[in-house]
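Student: Hi, could you walk me through the inside of this protein? I'd like to start with the core and then ask about rings.

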Amino acid sequence: MKDYQGTVLPGRPYPLGATYDGKGVNFALFSENATGVKLCLFSDPSDHRNYEQVNMVEVTDYVWHAYLPGIRPGQLYGYRVYGKYRPTKGIRFNPQKLLIDPYAKAIQGKLEVKDIMFDYSLSRKAKKDVFEKNIGDSAPQMNKSVVIDTAFDWEGVSRPNTPMHNSIIYELHVKGFTATHPQLSEDERGTFRGLANPVIIDYFKNLGITAIELMPIHHFVHNKFLLEQGLSNYWGYNSIGYFAPHAEYCSSGVSGEQVNEFKEMVKAYHRAGIEVILDVVYNHTGEGNHMGPTLSFRGIDNLHYYRMDPENPLYYTDYTGTGNTLNMLSSRTLQLVMDSLRYWATEIQVDGFRFDLASALARGLYEVGRLSTFLDTIHQDPIISQLKLIAEPWDLGEGGYQVGNFPVLWAEWNAKYRDSVRKFWRGDESQVNELAYRLSGSSDLYADNGKRPSSSINFVTAHDGFTLHDLVSYNQKYNQDNCEENKDGENHNISWNSGEEGPADDPGIIALREKRKRSFLATLLLSQGVPMISHGDEYGRTQKGNNNAYCQDNELAWMNWQWDERQHKLFEFTRKIIVIRDEHPVTHRRRYFKNRRIQGEGIKDIRWLNTDGIDMTLEEWETGFIRCMGMLLNGELMQEMDDYGNELKKDILLILVNSYWEPISFTLPHEDLSARWEILVDTDRDEIQDSPEMVQNVYQIQARSLVLLKNMNG
């Protein structure tokens, strides 16, 4: 290594990271406990030795900074940070480990953990928790940070700004969705450019999706354990670069090109009127527990970035199940998260964020606090507070399950919705009361907190767990391919295989499974709140019973675009349900029904009916064997208008649900209503008719079916 011979100017402590101004680059790195920092510059990705290094002597407010004239975008760099090495005290400085800039806007190449990246010796002679410093230089095998130029032409394309209550979210994996698409070129498959292809965007427009929610695209780490098993960290919940698009998803290069390719993708979706939401993982990093690799944060300032066990700071406090938890009690870590969010919101123009294990971010010293610094900071931010904010409202620590407790402005993944709908359609007893709350927007969780139905992100399946097809096809998980002896993944799936485990040839079982999928999808899309579809459920994607495909970067977890007739029919059914939802605003109201709970006299805009067509009694709500009910939505009393001041349609709709295993005759309500009803949806049928038929007085609702009817009053 040789010292940099060019000009080194003092530079500025802010902004953090590497900032190109057209003439050179300002480098700034926070570390309160370091005794020295060296900036290492590399000539190209294949350069296994840093050809220049700069001793950063300027320190302002614990930020080490320098300005290098003449440095241009594309420059590769990393840091060596000096200080004490006392793991039992939580101090992990080791300048032999090249470190990624936490503020790097791009990271070069695929990050695979190797032995040289650990700050301690992996020798078998090493005693447990007695760390011998590893003096091997990790630079030859370590990924480098990349200087980028943030300039980009958005061509006047702006955000769609779809109202939350009108949103339909589609959760997807960038690679998994595009990896086998027959109309994409080989170099487009699995990439941001592939996702931006007009064929893919037209797919979403045809389906009726308003927003795509991307599983993690922050640059992430592939664990050593998985690599040794021939697997990889497919899902990406292992972030290391909170400002950098994942390089493996880029078709045009991995040395900074990923930034513009991602921006082009966002612009293409915005031009089509579709929003882009990011699934972000600020609760932990890919450095793992105290025995994990030293890639960035651990080697820069371990005591600031991670939550330590107060009794033994060798160990981390782990609320995430991944080995570490980011320390949101540190103002510098909070600044990192907020700077990252603002960067994606302003420079990248994304429309919102889904926060993985958000309860871990909201924790005070021990408990999850509704008035935590993180939540307060989000609410006070003039940019972030105006975007779509979605919490996964739990973590793995004590008191971490916080469904219904995040403050106003936040929507939540509603796990109670998922479990209630699964139990009902499995045929469990005593479910109608709970289901009524979920169908009507979970007012028991949100209405008393000043929220609206759109606070509830309704989902039946997500990336984590069974797909919809597997939910109706398996009683047990089959995760043997994950090389963890089938011990990983959720055991409590609330699934039912419909009479036979796994693939079936019996026409009756196949038909039942298809009907149950239609009933799940219809329930999801006709419930008050915001529906979220997990990718592939609209046609019946299977993972062959694997409910934790986090490491399966292969066809098991990818979309299969070779559909049979049943899959085409299910897609078309899903598409038409979305059309019906869009045409009937009463299915996704902005406000709750009178802001009242589901039971009580005088509620006219929503009614709950028994099979005689009259209001359900308290005794019936509490009767365990009842598996059929009706929900009447009176749009004539809705009194809502669209964003342009136009009064919304005033249709009167009736949703009937029957999870019993035999048909049930349902007397249709008639007080102040027409006797004539139009059948819009019946999940007993594998198609939705373009010309709905009429019915009067009584409707026979088939087993395990949902029916949607429209009153022809007036």
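**Cores and rings**

Tutor: Gladly! The largest nonpolar core has 169 residues, and those with the most contacts inside it are Phe 27, Phe 204, Leu 214, Phe 262 and Phe 355. A nonpolar core is a set of buried Ala, Val, Leu, Ile, Met, Phe, Trp, Tyr and Cys residues joined through side-chain atoms within 4.5 Å. Buried means under 20% relative accessible area, exposed over 50%, and partly exposed in between, with a 1.4 Å probe and protein chains only.

Student: Which helix gives the largest share of this core?

Tutor: Helix H7 (residues 331–346), with eight residues. Helices (H or I, at least four residues) and strands (E, at least two) are DSSP runs, numbered from the N terminus.

Student: And what lies apart from it?

Tutor: Another core, of 19 residues, which includes Ile 169, Ile 277, Tyr 446 and Tyr 592.

Student: Before we go on, what kind of model is this?

Tutor: This is a predicted model, where local features need pLDDT of at least 70 and side-chain atom pairs count only at pLDDT 80 or more, while totals for chains, interfaces and linings use all residues. Residues are numbered from 1 along each chain as its sequence is written, and side-chain values use heavy atoms, with hydrogens and water left out.

Student: Okay, rings now. How many aromatic pairs are there?

Tutor: The count is 45 aromatic pairs. Rings of Phe, Tyr and Trp (its six-membered ring) pair if their centres lie within 6.5 Å; planes under 30 degrees apart count as stacked, over 60 as edge-to-face and the rest as tilted. Take Phe 177 and Tyr 203: this pair is edge-to-face, at 5.9 Å centre to centre with 65° between the planes.

Student: Where do those two sit in the chain?

Tutor: Phe 177 is in helix H1 (residues 174–178) and Tyr 203 is in helix H3 (residues 198–207), 26 residues apart. Phe 177 is buried at 0% relative accessibility, and Tyr 203 is buried too, at 11%.

Student: Why is the pair of Phe 355 and Phe 374 edge-to-face?

Tutor: Their planes are at 70° and their centres 5.9 Å apart, so the pair is edge-to-face. Phe 355 belongs to strand E18 (residues 352–355) and Phe 374 to helix H9 (residues 373–380). Both are buried, and both are in one aromatic cluster, whose members include Phe 30 and Trp 410.
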